[in-house]
There are 2 protein chains.
Amino acid sequence: MAMNEEETGSIVFRRKAEYSPPRSFRTWLIGRPLPTADAPHQTIGKAVGLAIFASDALSSTAYATQEILVILAAAGTIAFGYAFPISIAIVALLAIVTLSYEQTIHTYPGGGGAYIVARDNLGEFPAQTAGAALLTDYILTVAVSVSSGVAQITSTFPELSEYRVLIAVGLVIFITLINLRGVREAGAIFSVPTYFFIAMMLLTVSFGLVKLLTGSLGAVVDPPLLEATETAIPITAFLILHAFSSGTAALTGVEAISNGITAFKEPRSRNAGITLIWMAIILGVFFLGITFLAGPIHAIPSEQETVISQLARTVFNSRGGLYLATMAATTVILVMAANTSFADFPRLSALLANDGFLPRQLAFRGSRLVHSRGIVALALLACLLIVVFHASVTQLIPLYAIGVFLSFTLSQAGMARRWWKVGRLNPGQEVKERGSTLRFENGWQPKLLTNGFGAICTMVVMAVFTITKFIHGAWIVLVLMPALVGLFSAIHRHYRLLAGRLSLDQYGTPSRIARHRIILPISGVHRGTLSALHYARSLSNDITAVHVSMDPEEAERVRNKWETWGEGVRLVILDSPYRLLVEPLLEYIEEIAEKRQPGEIITIIVPQFVPQRWYNNLLHTQAAFLLRLALMFKPGIVITDVPYLVE
Amino acid sequence: MAMNEEETGSIVFRRKAEYSPPRSFRTWLIGRPLPTADAPHQTIGKAVGLAIFASDALSSTAYATQEILVILAAAGTIAFGYAFPISIAIVALLAIVTLSYEQTIHTYPGGGGAYIVARDNLGEFPAQTAGAALLTDYILTVAVSVSSGVAQITSTFPELSEYRVLIAVGLVIFITLINLRGVREAGAIFSVPTYFFIAMMLLTVSFGLVKLLTGSLGAVVDPPLLEATETAIPITAFLILHAFSSGTAALTGVEAISNGITAFKEPRSRNAGITLIWMAIILGVFFLGITFLAGPIHAIPSEQETVISQLARTVFNSRGGLYLATMAATTVILVMAANTSFADFPRLSALLANDGFLPRQLAFRGSRLVHSRGIVALALLACLLIVVFHASVTQLIPLYAIGVFLSFTLSQAGMARRWWKVGRLNPGQEVKERGSTLRFENGWQPKLLTNGFGAICTMVVMAVFTITKFIHGAWIVLVLMPALVGLFSAIHRHYRLLAGRLSLDQYGTPSRIARHRIILPISGVHRGTLSALHYARSLSNDITAVHVSMDPEEAERVRNKWETWGEGVRLVILDSPYRLLVEPLLEYIEEIAEKRQPGEIITIIVPQFVPQRWYNNLLHTQAAFLLRLALMFKPGIVITDVPYLVE
C-alpha cells in the first residue's frame, strides 16, 4: 500500500494513497465506506431539497384534517362545519411561521435550527430546551408519519389491518437502511415519489373542486361508522381550540429546512429560503383544499378508513386506478416524511454532542459520512413509540407538535432578541457575542416585528395545546422535556469536570517516579511465566510474584520450581481455602496499593496465554482475563499483559 | 482479617485465619462456601450409599417391564407370555455383571469405574471409549428416569400430561440445585424416599402374589388402549431379542457404585461391595416380581398409563391411599435415580479432565466442594434430550444402555486381562504397569473366569442391541461415541502440545532484551496522555506516540500541543480518511512488529480512562478497550493500560 510520509521535527504525518475497503455484509447493505474528502460534494439542489425536506410538512395534510374532525366528532357531525374555518386559522399561522423562518435562514446560512438560534441569542438553558423539544418531536414525526402511512395502506387493503404494527416497524427499518447509505442517494430515491404525491394531490383537489362546482360531487358511498359517543357534547370554545391544536400538526416539519441549510448547494440561504416558501404554499393549498372538500362529501373520521381514502374514492367515483395511485402516493410520502427526521435528528444530536450535551459518540460520522449512531437511536425510539401506541395516529397526536411549537417559540424569540440588539448598534458597528457576530442592518424593525409576532403567536398556540391536550397525553411530553434537559446538563457537567481535570493549564512538572513496584501473578512456573518475569526484570528490581494456592501439593511444586527458576525474586503464596482465584489476589493488591508511598507506581504484570485458535480458549480458565477485568477500572494501578512465549 | 505469614528464603506463605463468605442469592440457593479442608468428611455409610447409588438401578424396574411389553406388542397380546422368560435371562445377566463388578471394587478401592479399569489394563483408546460411553449414558439416565417419573405422575393425574416436558425440565433443575449443595446433604435428603420405594414395591409385589395364589387377583379394570399396529407381525427370534435389548435397561446403574467407591466410609471396598450385592438382589426380585404379575393382570404397555400404575391399582383394587403411595414412591425414586448420574457424571468428567481429555475447568471444585461445572453441563444436556424427545421413555430407550454395556464389556475385559497378567507373575513378584501395581494373587483363575465370562456375555448383548435397535435410534449413539473419542483426543493433543512448548526442560538462559520499543496511542494531549507518557519514559527511551487523525484541524491541535508537552518524543500522525480508529493503528503496529529485530520487545501503552461510575462509560468511545481486545491475542506484543490521572 502506497504511503506518503512527511516529517517536521519530531512530528511525522503519514497519509495513505489508496484504500480498498473489505467486502462484507455491511458493505452490501449500506454501501462502501466514503472518505472524509467526499463530504462537501454531498449537497443537493432546490428540487431535491424540496423532496427531502418538504415531505414531512406536506405529508401532514394526510392526517391533519382527519384529526380536526376526530375532535369535532364529539359534538356530533353538526360540528364538522367548523373544520374549514379552523384550517384557515392554521394556514394563517403557517404564513407567519414561514416568514419568520425565512428570515432565520438568511441570518444563519450555516444552519439555523431553533437550537442554534436559541443558543446564540437566548443562552444555554433555552438552547437545551429547544434541543430537547426538537429531538422529542423528530421521534414523534417518525412514529406519526409511519403510522399514518400504514393507515393509508389498511384503508386500501382492510385485511392488512391486524399487521399494522409489524408493517410500521418494517417501514422504519427500511428508511433506516436507506439513511445509513447517506443523504444524496436518499434524495435521489425520494424525489420521484414526492413529486408524484404533489401531482396526485393537485389532481384530487382540483378534480374535486370541479365536480363540486358542476354539482356532480356526491357524498361518500358506504362511509365508515362514526365511533359513537354516548351523548354529543355541546360545541364550546374549548372544543374548537382542541380541534385547532390537533390540526396544527399540519405545521410540523416547517422548521426542517432551517436545520438542514448546509445540505443545500450554494448559494445556500437563497436556495433554502426559496424551497421553504414553495413548500409552505403547496402545504397551505393542499390542507385548505382537503379540509374544504371533506365537508360536502360528508367524510367521517375513522380508524378504519382515512379521510384521504374517502375523499379520493368519492372524487374518482371508484376504487380504481386513480384512487389507488392517490393512496399509493400518500402512503409513500408519509413513509418518506419520516425521512426528514432521519436527516435532522442525527444532525441535531451531533450538534448537541459537539457542545457536550449528549454522548460524544453521536458526533461521529460513520463509514458513509452520516451520523450513523444518531440514525440508529432515532429508529429504535420511534419503533418503541409505534409498538407502545399500536401504530395509532389518533393516540400519538396528543404528544405531537408541542415540541415543535416550543422550538418555534424559542427560535423566533431568539431572532426577535437578535434584531432588537442589532437595532441598538450604530451603523457599521460589529459586536461579537456568544460566538456569533452582530452587525448593524437597515430595516431591522420589520424583521423584529415579524419574528416577535411569530413568537407570540406560537407561544399562545402552545399554551392552548398544553391546556386542551394535557390529559390526553401531552403531560408525557411535559414530563419528558425537563428530564431531557436535566440529562443534557448532567452530561455537560461530566464533560466539563473531566476536561478540567485533564487540562494542562495548571500542570506543573510531573512528580518523579520514586519506586516502581511490580506484582506478577503466576499460576505455575513455565516458559510463559518466565517470559513475564524476564519482562518484569527489564522494568524494575522491585518484583513480587504471587501464586494463589488451592492445593498444598501444587503450591509445593510451584515453590520448588521457583527456587530453581525464579532468579531470586520474592514469591508470595496466598492460601485460598475456598478455591477462589481472583478474590485473594485482588485483596492482596489492594493491601499493597493502600500502603503506597508518594511517587510509587504499581504495575501488575499478567502472563497471558495466546491461543492459536479462538476455540482453544474453551480449554483454559480465563483467569488472566477475569483478573484484568476486575483491575481495569482501579485508578492508579497499571496493568500489563505479557503474552506467553515472547521470543 | 487475621493473616498468618511464614517466610523461608524468598518464599512467603500467607494463610488466612478466618473468612466470612458474603451473603448472596447464590449462598441462599446452594449454601455457604465450604473450605477445602472439609472435603474428607463428605463420605457416607452403606445405608445412605444404597439410597444414593441404588436409586438408578432400582428405579429401572419402573419402566423395564413396560419396554419389554412395548416391543412384544407388535406381535399382539399373545406375545406377552414371553416377557417373564426374558426377564429371567436379564436377571441372570445381572448376576454375572454384579459378581464381576464386586471383584473390581476390591481391586480398585480408589474408584474402579470402567474408565480407570480400561485405562490401567487396556490402554488409552479403550479408556477414552469407556469414558465416552459412560458420559453418554449418564446423560441418558437423567433423561429416561425423569421422563419415566413424569409418566408416573401423568398416569396418576392424566390432566397434567400436556405439561410433561415442562415438569421434567423443572425436576432436572430441582435435582441440579440439590447436587450443587454437595453430596452429603443430597444423601440425607434422598435416603428416606429410597427406602419408602423399597417398602412400597415389596408391598405391591407380595400383596399381588398373595392375591394371585388365593385366586382373588383380577385383570386391570378399564385398561388403556393398546396402540394398534396394522397387522400383528409373527413372533420371531429377532423380536424376542429386541424385547430383551429393551429390557436390559434394568441393568443400567449397576456400575454406579464402582465409580463412587471414594464416597463411602472406610473400609471403602467392603462397604461398597456389600451395598452392590444388596442392590442387585433387591433389583432382581422387584424386576422378576413386576414382570411376572404383569401377565395375570393383562397389563397393557401404553404412553397413557404406566404398567406400574396398572399393577398397583389392580393389586390394591382402587385408586386409593396405597395406590397413591406406590405411585408417589415410584415417581420420587425415578427422579432421584437421575441423582446417581449427578454424582457420577461430574466425578468421571473431572477424572477425564485431570487426564487432559476434557477441558481442565471440569476438574475444578466449586464453592461447595462439588464439581459444579460438570453438574451444570449434565443438567443442560439432559434437558436438551428431554425437550427433543418430548419426555417419552419409549423414544429415549433405543439410545439407552448401549453405552452402559460397552463400558461393562471394557471394564470386565480389562479385569480379565489383569488377572491373566497377575497369573503369569511368580508368587510375591510385583510389577508396575501404567501407574498401577500388579501383585501375584492366589485364586486368580476363578476371578479371570468370572470377569472373562462377564465380558463375553455383555459383548454379545451389546451386539444384539446394535442390531435390533439400530434403526430405532441406536445409530445416534454409534455416531456420537466415536465423535466424542475424537474430541477427547483433540483436547489431549492440545494440552500435550502446550505443555511441551511451556516446558522448562530445554530452557536455556533467556535472550537479552536488546531494545524495548514503546508505542503510545493518544487521542489528544491532556493530563491522562501525559501520565502515560511519563510512565513510558520510566520504561524506555524509545517511544513513539501515535495519533489517528480523522480531522486535519484536530491533528494540527494535537501537533501543536505535543510540541509543547511531548518532551521531545516522536509523534506519528496517521491519516484516517475513512474515519476508522482501531484499524490504522493496528496496521501501523503490525508494520513495526514485522520489522522487529531479535531481542526487541514491543510494548503498547494505552492511556485508559477510569470512570467514577460505570455509566460514565456510556459517554466515552471505548477506543482503548477496543484496541486492547484487538491486540490481546497477538503474540509477542505486550499491552499496558495506564489509567488516567496516575498520581
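Trainee: Which residue forms a salt bridge with A:Arg559, and how far apart are the closest N and O atoms?

Mentor: A word on the basis comes before the details. This is a predicted model, in which local features need pLDDT of at least 70, side-chain atom pairs count only at pLDDT 80 or more, and totals for chains, interfaces and linings use all residues. Residues are numbered from 1 along each chain as its sequence is written, chains are lettered from A and ligands numbered from 1 in the order in which they are written, and side-chain values use heavy atoms, with hydrogens and water left out.

The partner of A:Arg559 is A:Glu563, with the closest N and O atoms 3.7 Å apart. A salt bridge here is a side-chain nitrogen of Lys or Arg within 4 Å of a carboxyl oxygen of Asp or Glu. Both residues sit in helix H19 (residues 552-565) of chain A, four residues apart, so about one helical turn separates them. Helices are DSSP runs (H or I, at least four residues), numbered from the N terminus. A:Arg559 counts as buried at 14% relative accessibility, whereas A:Glu563 is partly exposed at 48%. Buried means under 20% relative accessible area, exposed over 50%, and partly exposed in between (1.4 Å probe, protein chains only).

Elsewhere, salt bridges that share partners join A:Arg119, A:Asp120 and A:Asp355 into one network. Over all chains, a search of the whole structure finds 25 salt bridges. Among them is the pair A:Glu303 and A:Arg164, at 3.6 Å from N to O.

Methods: Helix = DSSP H or I, 4+ residues; strand = E, 2+ residues; numbered from the N terminus.
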